[in-house]
Every structure is written in C-alpha cells, then in structure tokens.
Amino acid sequence: MSLTMAVLPVGKTLEQEKPVLLVENKLAAGKHRFTLVVVNDKGVESEAVSLDVTVSNGLIVPRGPVTPVTPVRPIDRGLIP
C-alpha cells in the first residue's frame, strides 16, 4: 500500500477511506490535540479518542567532547584468571 503524506487542517475534520494516515505537519510550539473517530460500513461512529501533544521550541545544545577517564584501580570483570 502506497502512503501519501497528509497535512492535517487545523480545526477542521479530515475524512479518508484508507485505514492508515501518514501526517506531515510542522507544528508550532504549544499544545495540540488530535482526535480520532472511526466510522464503520453502516455509518456508526466510534467513541472519540484524543491524544494531546506538546511541542517545545527549546534548542538541543550539543555536549562537548567526552574526556577519557583513567581508572584509579583495575576493574575486575571476572574475565582474567
């Protein structure tokens, strides 16, 4: 099955026939709620299920190089007789 990227319209319903949805939204920082309702062949709707997502705009600061540490005493791992 070939998947196409969908952009969810904010505040609007997206309807589709396929049981799989691949989403490509660039969310702004803040709280977002996604709600899923499934409708069967007879038009009966499932109970709504929601997922809350929080997007942060914080930056990830890379760590500096790790300095090797020389052990004060040998580590006995039981491998040397």
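Start with the contacts across the whole chain. A contact means heavy atoms within 4.5 Å. Among contacts between residues at least 6 apart in sequence, 14% join residues at least 24 apart.

What you have open is a predicted model: local features need pLDDT of at least 70, side-chain atom pairs count only at pLDDT 80 or more, and totals for chains, interfaces and linings use all residues. Residues are numbered from 1 along each chain as its sequence is written, and side-chain values use heavy atoms, with hydrogens and water left out.

**Stop 1: the whole chain.** Colour by confidence. pLDDT is the predictor's confidence in each residue, from 0 to 100. The chain averages 79, and 84% of the residues score at least 70. Now switch to a cartoon view. Which pattern does the chain follow along the sequence? The pattern is β-β-β-β. There are four strands and zero helices. Both are DSSP runs, numbered from the N terminus: helices are H or I with at least four residues, strands are E with at least two.

**Stop 2: strands 1 and 4.** Select residues 5-6, which form strand 1; confidence is lowest here, at a mean of 74. Then select residues 49-55, strand 4, where confidence is highest, at 89.

**Stop 3: the surface.** Show the surface. The chain exposes about 8400 Å², and carbon and sulfur atoms supply 58% of that. Accessible areas come from the Shrake-Rupley method with a 1.4 Å probe; for residues, only the protein chains shown count as cover. Of the 81 residues, 2% are buried. Buried means under 20% relative accessible area, exposed over 50%, and partly exposed in between.

**Stop 4: a nonpolar patch.** Select L14, L21 and V23. Together they form a nonpolar surface patch with about 220 Å² of accessible area. Such a patch joins nonpolar side chains (Val, Leu, Ile, Met, Phe, Trp, Tyr) within 5 Å, from residues with over 30% relative accessible area and no salt bridge. V23 sits in strand 2, residues 22-23. V23 is partly exposed, at 35%.

**Stop 5: the salt bridge.** Select R33 and D52. Their closest N and O atoms are 2.6 Å apart, forming a salt bridge. R33 lies in strand 3 (residues 30-36) and D52 in strand 4, so the pair ties together parts 19 residues apart in sequence. The term means a side-chain nitrogen of Lys or Arg within 4 Å of a carboxyl oxygen of Asp or Glu. The structure holds one. R33 is exposed, at 59%.

**Stop 6: V53.** Stay in strand 4 and select V53. Is V53 buried or partly exposed? V53 is partly exposed, at 25%. Not counting residues up to four places away in sequence, V53 touches G30, K31, H32 and F34. End by drawing a line from V53 to G30: they are 23 residues apart in sequence and 8.3 Å apart in space, C-alpha to C-alpha.

Key: Buried means under 20% relative accessible area, exposed over 50%, partly exposed in between (1.4 Å probe, protein chains only). Patches are made of residues with over 30% relative accessible area and no salt bridge: like charges are joined within 9 Å, nonpolar side chains (Val, Leu, Ile, Met, Phe, Trp, Tyr) within 5 Å.
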